[in-house]
Amino acid sequence: MEEKQPEMMAVCGLDCGTCEIRLAPTDAEAAEVVVDWFKKMGWLEEGEGIAEVIERGMVCTGCRGDRSSHWSPDCPPLVCCVDEKGLEHCAQCEDFACEKLEAFAEESKSHQEAVEQLRRIAATG
């Protein structure tokens with residue numbers, strides 16, 4: 001049985017459909033999460049909010065969207081998979097799972113889950 005991909009999946013396996021950074025411009029709850037996180041990281045000052053996030057392009061339209069509005073346009077899996085190899089996602093690559101993707105997976109729990117999603121997709125065809 002083939003693994004069902006999320007409706008909108010990043011090349012690295014992340015589920016864009018649930019991503020607060022992508023949803024923030026149109027979803028008040030996602031915007032609150034993003035603004036709080038960005039303030040904690042020092043990327044926004046007190047008094048700044050979703051308007052500044054949007055104005056500064058700190059949102060994402062997904063890997064296949066406009067790179068000028070992508071959260072991380074120079075993301076190593078994105079550049080390798082799409083720009084260099086012309087693939088839709090990393091599970092299609094003959095080098096899957098490469099060192100770049102494994103390093104990405106080590107960054108966070110959500111990244112680990114994304115790579116596991118790709119492993120399931122690769123295993124089921």
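The dialogue below walks through several features of this predicted model, one at a time.

Biologist: What should I keep in mind about the source of this model?

Modeller: This is a predicted model, in which local features need pLDDT of at least 70 and side-chain atom pairs count only at pLDDT 80 or more, while totals for chains, interfaces and linings use all residues. Residues are numbered from 1 along each chain as its sequence is written, and side-chain values use heavy atoms, with hydrogens and water left out.

Biologist: Which residues touch the most other members of the largest nonpolar core?

Modeller: A nonpolar core is a set of buried Ala, Val, Leu, Ile, Met, Phe, Trp, Tyr and Cys residues joined through side-chain atoms within 4.5 Å; buried means under 20% relative accessible area, exposed means over 50%, and partly exposed lies in between, with a 1.4 Å probe and protein chains only. Here the largest core has 18 residues, of which Leu101, Phe104 and Leu118 touch the most other members. Helix H4 (76-84), helix H5 (99-105) and helix H6 (109-124) are the elements that give two or more residues to this core, and H6 supplies the largest share, 4 residues. Helices are DSSP runs of H or I with at least four residues, numbered from the N terminus.

Biologist: What does leucine 101 touch?

Modeller: Contact means heavy atoms within 4.5 Å. Leaving out residues up to four places away in sequence, leucine 101 touches Cys12, Pro77, Cys90, Phe96, Val115 and Leu118. One of these, Pro77, is a buried residue of H4, along with Leu78, Cys80 and Cys81, and the buried residues of H4 pack against H5.

Biologist: Where do glutamate 102 and arginine 119 lie?

Modeller: These two form a salt bridge whose closest N and O atoms are 2.8 Å apart. Glutamate 102 lies in helix H5 and arginine 119 in helix H6, so the pair ties together parts that are 17 residues apart in sequence.

Biologist: How many residues apart are glutamate 113 and lysine 109?

Modeller: An α-helix has 3.6 residues a turn, so residues three or four places apart point the same way. Glutamate 113 and lysine 109 both lie in helix H6, 4 residues apart, about one turn of the helix, and they form a salt bridge with the closest N and O atoms 2.8 Å apart. Glutamate 113 is partly exposed at 44%, while lysine 109 is exposed at 58%. Elsewhere, salt bridges that share partners join Glu102, Glu116 and Arg119 into one network.

Biologist: Which peptide bond is cis, and where is a positive phi found?

Modeller: Most residues other than glycine have a negative phi, and most peptide bonds are trans. In this model, the bond from phenylalanine 96 to alanine 97 is cis, with omega near -15 degrees, and alanine 97 is in the loop between H4 and H5. Just after H4, glycine 86 takes a positive phi of about 65 degrees.

Definitions and conventions
A salt bridge is a side-chain nitrogen of Lys or Arg within 4 Å of a carboxyl oxygen of Asp or Glu.
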